[in-house]
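Here are some notes on the pocket and the aromatic pairs, for your review alongside the coordinates.

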Amino acid sequence: MPCLLNNSTRTGRDMAHAAQKSLLKGLGQKTLVPHNSDGSTSDVDKQQALSPVEEDRAMKKQKKEDDNDVNQEQQKDPWMNLPPFQFATWRKLTEKEWKDYNKCLEQSEGFDCGDVPDNILDLPVAPLSLDDPDTMKDLQMYSIFALEKCTELKKKKYQFVKVLKANICLRRGFLYYITFQAEDIAGSGSPPLNFRAKVHSLKGRETVEFCEPEL
């Protein structure tokens with residue numbers, strides 16, 4: 001009496017042949033696909049199964065196609081092409097570095113952090129890099145905005161020149177400590193003055209808390 005295949009046996013066999021078919025795409029060949037209950041093949045796909053060498057070739061070709069798909073996705077998404085992060089490890093300030101840092105902050109009222117390494121964590125007031133175009137654009141906008149408020153109080157007209165340095169503090173939004181240069185429009189030939197400004201930004205709304213010429 002012939003042994004009948006149950007559903008689980010059929011499913012496992014179908015999955016195995018489906019996987020083998022996927023490897024055959026690159027070679028344009030067909031494999032034996034049993035269609036009958038006794039394991040025999042139908043008349044549709046009566047060709048020889050792949051040899052081990054051919055299977056290896058098919059797997060290598062499939063891997064190459066998969067790698068090409070990954071490369072295409074990387075070209076579409078620029079975030080996948082970013083270089084490895086610059087700092088392998090982050091750290092906190094040493095005891096001596098904390099003393100120097102706090103001394104600079106106190107003496108400058110937040111406008112100077114001293115010589116702080118770039119890989120330091122947990123700084124209450126952190127220096128901003130002026131090399132980033134978006135950061136520089138924001139700092140210039142905040143400086144001009146603060147300068148306009150300052151001239152309203154002093155009844156003088158100053159023209160913004162450039163940002164010198166900036167620090168940032170997280171305080172229900174962001175508090176910027178900006179040092180920038182501006183020149184007196186009325187005083188032709190006079191050197192630019194250094195200004196200090198504190199600008200608070202919260203959800204797209206900026207408030208000038210302080211803006212004065214640097215003494």
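1. The largest pocket is lined by 22 residues, and Asp-118, Ala-126, Pro-127, Leu-128 and Ser-129 are those nearest its centre. A pocket here is an open set of points on a 1 Å grid over the protein atoms alone, where a 1.4 Å probe fits, with protein on both sides within 12 Å along at least five of seven lines, and lining residues have an atom within 4 Å of a point. Two or more lining residues come from each of β1 (125-127) and β2 (158-170), and β2 gives the largest share, four residues; strands are DSSP runs of E with at least two residues, helices runs of H or I with at least four.

2. This is a predicted model, in which local features need pLDDT of at least 70 and side-chain atom pairs count only at pLDDT 80 or more, while totals for chains, interfaces and linings use all residues. Residues are numbered from 1 along each chain as its sequence is written, and side-chain values use heavy atoms, with hydrogens and water left out.

3. Seven aromatic pairs are found in the whole structure, a pair being rings of Phe, Tyr or Trp (its six-membered ring) with centres within 6.5 Å, stacked if the planes are under 30 degrees apart, edge-to-face if over 60 and tilted otherwise. The ring centres of Tyr-142 and Tyr-176 are 4.9 Å apart with planes at 50 degrees, so this pair is tilted.

4. The rings of Tyr-158 and Phe-195 have centres 5.0 Å apart and planes at 70 degrees, so they are edge-to-face. Tyr-158 is in strand β2 and Phe-195 in strand β4 (residues 193-202), 37 residues apart.
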